[in-house]
Amino acid sequence: MSELAALSNSYQNWYRFSRNPTAVIGLVIVVVSILAALLAPHITPYPDHIGAIVDFRNRHQPPSAAHWFGTDNVGRDILTRVIFGLRVSLMLAFVVLIIAVPFGTVLGLLAGYFGGWTEIVIMRLTDIALALPPLIMALAVAAVLEPSLMNAMLAIASLWWTWHTRLVYSMVRQIRALEYVEAAETLGASKTHILFREILPNCVSAIAVKTSLDAGFVILIGASLSFLGLGIQPPTPDLGTMVSDGASFLPDYWWESLLPGTAILFVALGFNLLGDGLRDLFDVEDVR
Amino acid sequence: MEFLGFLARRLAWSLLVLVGLSVVIFVIARVVPGDPARMALGPRASAEQVTELQEKLGLNLPLYQQYGRFIGGLAQGELGQSLLTERSVNLDIRTTFPATLELVMATVIIAFLFGVPLGVAAARWKDSWPDNLVRAFAIVAAVMPTFFIALLLQVLAGYVLQILPTTGRLPTGTEFEADITGLLIVDGLLKGQLHVVFEAMRHLLLPALALSLATMGQMARITRASMIDVSRQDYIEAARAFGVPDRVRLFKYQLRPAFVPPLTIMGLEFASLIGGAFVVELIFSWPGMAAYGIRAITQKDLNAIMGVVMVSGLFFVLVNLLIDVLVGLVDPRIRIRGRRA
């Protein structure tokens with residue numbers, strides 16, 4: 001494709017994407033969340049409230065001009081802690097996916113292209129990993145090692161690759177029978193070339209859709225983990241922990257639990273809408 | 001005959017998955033932590049105490065022998081002793097599992113009962129308001145953290161409206177022994193104690209609803225997609241041309257094949273359902289396996305953790321086996337081909 005054609009193509013894609021209101025909402029939510037997380041120390045009203053600060057005169061304040069999201073049971077600004085909590089959630093999703101997606105993709109490529117024993121071994125491995133609920137796996141690892149963000153991320157990543165393996169595998173099975181792959185084989189192209197230069201590019205859009213949807217779900221699992229007290233440890237702000245801490249003050253001080261919970265919902269929703277939008281754009285039906 | 005062969009193949013795969021699972025769990029619980037005995041006893045235990053427990057648990061044996069003992073026990077359905085309570089993990093799980101099973105079964109029933117009709121309605125009125133409503137619900141339900149739904153339901157129905165109980169399986173002080181199946185509703189029916197059945201259902205409603213919303217949305221979404229898919233088939237067009245009434249066409253010819261994807265997805269959803277049960281049980285003080293598992297995890301009770309994870313995995317594998325058989329029954333084409341499409 002010439003550069004001009006590529007440019008026009010990406011412009012067309014952007015045009016089609018921008019006509020889809022829910023997809024644009026998703027993109028906006030994702031971009032705003034990422035920016036807020038990156039700039040947290042500069043945009044939050046009380047950046048020092050992320051630590052173990054206690055201000056009893058200001059505890060349980062309802063939302064006001066000074067504290068948009070109210071304050072918690074030791075008087076810390078909840079908006080500040082929610083924005084810093086986003087950092088933890090997004091970091092979790094980022095690290096899990098940056099490990100799981102390439103790993104799962106390569107395994108899926110190998111299983112789908114080579115078949116035979118490679119396929120049997122890899123696909124049975126995915127069956128095993130699929131039988132383990134990621135939340136329980138993360139809990140078990142958190143128990144055996146120490147509960148920390150790093151361990152949680154490793155535990156979730158160690159199971160998450162399976163979804164990408166299964167996705168890429170089923171696509172490669174269809175793609176490898178296409179004539180252009182056969183042509184490349186006849187020309188004597190190397191296996192690496194066929195796998196990564198001929199087949200992989202045709203899977204990229206499906207992987208992108210899946211990754212965006214995944215980001216939302218990984219964030220949910222991470223939040224559940226910290227809700228149970230096995231995620232990142234206090235006083236670092238974490239959305240799941242905030243919901244759990246605030247829960248004992250429901251329904252009177254509703255903002256302490258409800259607003260952080262809504263923040264989780266919001267980010268996960270953003271990634272989901274974005275994923276759905278990309279799916280419509282790339283027209284990859286069967287990616288969930 | 002073909003069906004038996006299909007069943008045998010599926011059984012063999014399931015067994016293989018379980019063996020793999022046992023290796024993974026063994027590695028997590030025995031190899032990763034270094035010294036499980038030291039972990040169980042805590043940092044203040046003396047060296048003699050640690051050695052004693054190591055010998056008692058066979059931790060001084062080479063790893064492959066330890067794994068042999070572990071899998072030998074598993075084969076006999078023995079999960080070892082809890083390091084803390086000294087009770088058999090089997091017993092603990094046997095007393096707590098029925099509560100979780102009852103919760104998960106109620107969840108699945110609710111998810112199907114509402115999810116599938118919602119999906120059918122969305123497909124029937126595609127692109128008009130019922131469809132948009134169902135799709136919006138499905139997305140929000142999917143991204144709403146389970147613990148958040150559970151908390152909201154608990155506060156709303158339990159404290160604000162005060163219409164439903166928010167903790168436990170029965171009112172405190174109820175004298176009832178669920179010693180037949182362990183499922184309160186089933187045992188209550190078998191013993192003819194209808195007030196127990198009624199109370200058990202009231203207690204079950206909120207936790208099951210909280211756990212089911214995400215799956216319900218997923219079911220609606222998949223049913224919708226697959227109904228639309230089937231509606232484009234030639235034989236549906238033919239039925240329409242022959243003047244088969246809408247309702248008959250929809251429910252008799254379209255729903256049956258369209259039912260396969262939601263069923264298969266349900267199987268995969270089970271992993272997240274079991275995970276979700278961990279959170280829901282904690283919030284609603286549900287005395288199930290998940291609540292037991294959380295306790296085991298916070299107290300670093302390795303045998304109990306292994307037991308809980310293994311039983312969760314076993315549960316997942318069995319459910320998926322069952323679903324494959326069901327799918328074979330619903331759709332004979334799959335039975336003949338011998339594997340999932």
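1. In chain B, the side chains of B:Glu199 and B:Arg202 form a salt bridge, at 3.7 Å from N to O; the term stands for a side-chain nitrogen of Lys or Arg within 4 Å of a carboxyl oxygen of Asp or Glu. The two residues lie three apart in helix α9 (residues 194–231) of chain B, so about one helical turn separates them. B:Arg202 is partly exposed at 27% relative accessibility. On this scale buried is under 20% relative accessible area, exposed is over 50%, and partly exposed is in between (1.4 Å probe, protein chains only). Helices (H or I, at least four residues) are DSSP runs, numbered from the N terminus.

2. The model is predicted: local features need pLDDT of at least 70, side-chain atom pairs count only at pLDDT 80 or more, and totals for chains, interfaces and linings use all residues. Residues are numbered from 1 along each chain as its sequence is written, chains are lettered from A and ligands numbered from 1 in the order in which they are written, and side-chain values use heavy atoms, without hydrogens and water.

3. Over all chains, the whole structure holds 14 salt bridges. One of them pairs A:Arg166 with A:Asp127 at 3.8 Å, N to O. This pair links distant parts of the chain, 39 residues apart: A:Arg166 is in helix α7 (residues 149–175) of chain A and A:Asp127 in helix α5 (residues 116–130) of chain A. A:Arg166 is partly exposed, with a relative accessible area of 27%.

4. B:Lys126 and B:Asp127 also form a salt bridge, with 3.2 Å between the closest N and O atoms. B:Asp127 is exposed at 53% relative accessibility, while B:Lys126 is partly exposed at 38%. Both belong to a network of salt bridges that also links B:Asp131, B:Arg135 and B:Arg224.
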